[in-house]
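Please go through the model below chain by chain.

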Number of protein chains: 2
Amino acid sequence: MTTTDIINRLRIWAADGSNAEKRLAEIVLSDIEYASKASIADLALRAGVSEPTVTRFCRALGCDGIRDFKFKLAQVLAIGGVYLFPEPLVRDERDARIVGAIADGAANAMQRVRDAIDMKTVNEVAQHVVDAGQVYVFGSGGVSSMGAVEMQNRLFRLGVPIVAHTDGQMQRMTAAVCDKRSLVFAISASGQAASIIESVRVARQYGARTITITHPESVLAKEAEACLPFVIPADTQLYKPTSGRYALLFLIDLIAMTTAELIGPSVLESLRRIRVSLSSLNTNDPGRPIGD
Amino acid sequence: MTTTDIINRLRIWAADGSNAEKRLAEIVLSDIEYASKASIADLALRAGVSEPTVTRFCRALGCDGIRDFKFKLAQVLAIGGVYLFPEPLVRDERDARIVGAIADGAANAMQRVRDAIDMKTVNEVAQHVVDAGQVYVFGSGGVSSMGAVEMQNRLFRLGVPIVAHTDGQMQRMTAAVCDKRSLVFAISASGQAASIIESVRVARQYGARTITITHPESVLAKEAEACLPFVIPADTQLYKPTSGRYALLFLIDLIAMTTAELIGPSVLESLRRIRVSLSSLNTNDPGRPIGD
DNA sequence: ACCGGATATGAAAAAAAGCAACATTATATC
DNA sequence: GATATAATGTTGCTTTTTTTCATATCCGGT
């Protein structure tokens with residue numbers, strides 16, 4: 001159960017639960033911060049009900065007991081939301097929470113990559129990119145397809161022959177024309193996207209080198225030669241966009257930068273040409289990053 | 001104290017606290033989910049220390065007691081997801097430099113957004129998204145077009161009628177069919193992309209509301225009603241992909257989350273439907289994030 | 001109106017958890 | 001090696017939570 005469900009249910013019960021439930025739900029909703037720390041006795045007193053009623057209330061909401069209930073409330077609070085607080089009171093605080101939740105989430109996700117990433121594998125991957133005659137990136141689903149496109153975007157600048165496909169048919173067809181000089185990146189957070197799994201299988205049959213960026217225990221991970229672990233945890237907060245995207249971006253940057261350094265100064269030539277090709281479009285501002 | 005600080009402190013203590021502290025910190029870090037629900041007795045047993053030591057440990061970490069400690073852990077989990085917090089790897093200098101360069105760049109970019117962001121504007125923008133009959137997002141160039149697509153990806157989930165265009169012709173044509181109920185987001189790091197500037201101008205002529213995510217001093221910024229500042233600094237490190245992308249993602253997440261909360265619980269219905277529509281594709285795993 | 005059964009609520013006691021005061025042990029310092 | 005200080009443990013008490021059992025309330029059928 002996601003934490004947001006609990007708020008919904010509280011809402012519903014505040015409207016049409018039994019007497020005691022109504023009062024409790026109201027008390028909790030009116031001050032979640034208080035409720036997340038109060039003892040049963042306190043809560044019972046405020047709502048004018050008996051203590052066991054509070055425990056039963058929590059159970060009925062799908063929690064193990066009041067501890068679990070408060071645990072979930074704490075999580076709701078960690079991210080916070082308009083509808084959680086009495087409106088006029090806390091505009092600023094709520095804003096701060098939103099900013100904090102996203103920033104912390106991103107920082108966490110990236111910290112994890114930072115801690116867990118095996119640079120030896122990344123270095124090998126980069127070497128394969130350099131060696132490959134043609135690189136393909138397959139991704140599907142919101143996060144993974146962004147990753148695929150982004151990877152193309154990062155690597156083509158280095159002069160790497162790379163193309164991304166987010167369409168399942170294109171992935172399959174492309175896989176079918178792979179050969180020994182091909183390198184296939186397969187990105188899938190779940191590791192269960194059928195088109196990606198099949199494409200990897202086919203590409204490998206034709207001798208392509210295959211690298212996945214996916215859940216290390218997934219079907220997809222087992223299909224390929226190498227796997228860079230990428231796990232998107234079940235977000236407890238549905239309102240918040242998943243932080244996993246930052247992790248994926250990080251991973252891609254690592255690959256791109258390692259590859260760039262491997263190629264060496266000649267990447268600068270590619271970058272220079274890109275800049276020249278843009279200079280007729282935009283004003284010439286040498287400080288600006290290449291291609292917006 | 002932000003909630004994630006607690007993890008840092010735990011890390012430090014796991015490395016150089018006293019004996020009991022070390023063991024406790026390790027136990028907690030090795031399974032935060034467990035620690036966030038365990039009783040003192042449990043924790044003490046596992047770490048092989050006495051119960052009051054656990055209480056003292058929590059206090060020393062800046063919490064009121066074990067309750068508060070567990071409360072904070074719950075929040076860490078809510079934000080960071082059910083991530084593991086593995087020991088950071090030791091790596092050689094070159095690897096550390098690459099990882100550090102990217103991580104620091106991203107952290108800086110996001111910190112800048114955090115410092116500069118005006119949540120009042122973001123709230124207004126979100127309100128406009130909710131009110132709009134149709135939302136368009138235009139972006140061009142590597143970073144900005146990713147932003148446009150990502151914005152579509154984040155907002156369509158909430159049931160917002162939104163479409164992204166990264167093609168200049170499509171942008172112009174779309175702008176030409178705007179009306180009063182249209183909302184146009186124009187993303188451009190440079191603020192000089194011709195197609196975007198023209199599209200904003202045209203859309204505005206037809207009564208659309210226009211919001212830019214761009215350099216606040218740019219031509220584009222002056223064309224539109226509102227501007228969320230987004231500046232990509234000239235990266236000195238040519239090998240390194242620009243960190244600006246993290247900042248843009250951050251900005252988009254802020255808008256998406258604020259919008260989601262403005263819409264309220266009914267967004268859950270959209271998300272639920274998306275999940276259902278995917279469940280025939282993938283195995284049914286309710287914990288998985290929606291759409292890879 | 002009255003009955004039987006289900007449901008909701010409360011009182012009291014048992015169980016569990018958390019905490020403080022004091023005791024002990026380890027460590028550092030001279 | 002004595003002493004002071006910090007770190008940790010033991011014990012028992014308090015608070016919190018849960019369970020058990022009793023009571024009240026509601027509701028449809030007679």
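The sections below describe parts of chain A and then parts of chain B.

## Basis of the report

This is a predicted model, in which local features need pLDDT of at least 70 and side-chain atom pairs count only at pLDDT 80 or more, while totals for chains, interfaces and linings use all residues. Residues are numbered from 1 along each chain as its sequence is written, chains are lettered from A and ligands numbered from 1 in the order in which they are written, and side-chain values use heavy atoms, with hydrogens and water left out.

## Chain A overall

Chain A has 14 helices and five strands. Helices (H or I, at least four residues) and strands (E, at least two) are DSSP runs, numbered from the N terminus. Of its 292 residues, 60% count as buried, where buried means under 20% relative accessible area, exposed over 50% and partly exposed in between, with a 1.4 Å probe and protein chains only.

Contact means heavy atoms within 4.5 Å. Taking contacts in chain A between residues at least 6 apart in sequence, 65% join residues at least 24 apart.

## Strand β4 of chain A

Strand β4(A) covers residues 209–214, and five of its six residues are buried, so the strand is largely enclosed by the rest of the structure. Strand β3(A), residues 182–188, pairs with β4(A) in the parallel sense over six bridges; two strands pair if DSSP finds at least two bridges between them. A:S188 has A:T214 in β4(A) as its bridge partner. Between β3(A) and β4(A) the chain passes through helix α11(A), residues 194–205, in a right-handed β-α-β crossover. Right-handed means that, with the strands pointing away from the viewer, the path from the first strand over the helix to the second runs clockwise.

β4(A) is also joined by four bridges to strand β5(A), residues 226–229, and these two run parallel. Here A:I213 is partnered by A:L228 in β5(A).

## A buried glutamate in chain A

A:E150 belongs to helix α9(A), residues 142–156. A:E150 is buried, with a relative accessible area of 1%. Apart from neighbours within four places in sequence, A:E150 is in contact with A:L249 and A:I252, and also with B:M146 and B:R245.

## Strands β1 and β2 of chain B

In chain B, strands β1 (residues 134–139) and β2 (residues 162–165) run parallel and are joined by four bridges. B:V137 stands opposite B:A164 in β2(B). Together with helix α9(B), residues 142–156, these strands make a right-handed β-α-β unit.

The buried residues of α10(B) include B:G168, B:Q171, B:T174 and B:A175. They cover an arc of only 130° around the axis, which puts them on the same side of α10(B); the arc is that of the directions from the helix axis to the C-beta atoms. They pack against β1, β2 and α11 of chain B.

In α11(B), B:S195, B:I196, B:I197, B:S199, B:V200 and B:A203 are buried. Among the elements covering these residues are β1, α10 and β3 of chain B. Just after α11(B), B:G207 takes a positive phi of about 95°.

## A buried threonine in chain B

B:T212 is found in strand β4(B). B:T212 is buried, with a relative accessible area of 0%. Leaving aside neighbours within four places in sequence, its contacts include B:A186, B:L220, B:C227 and B:L228.
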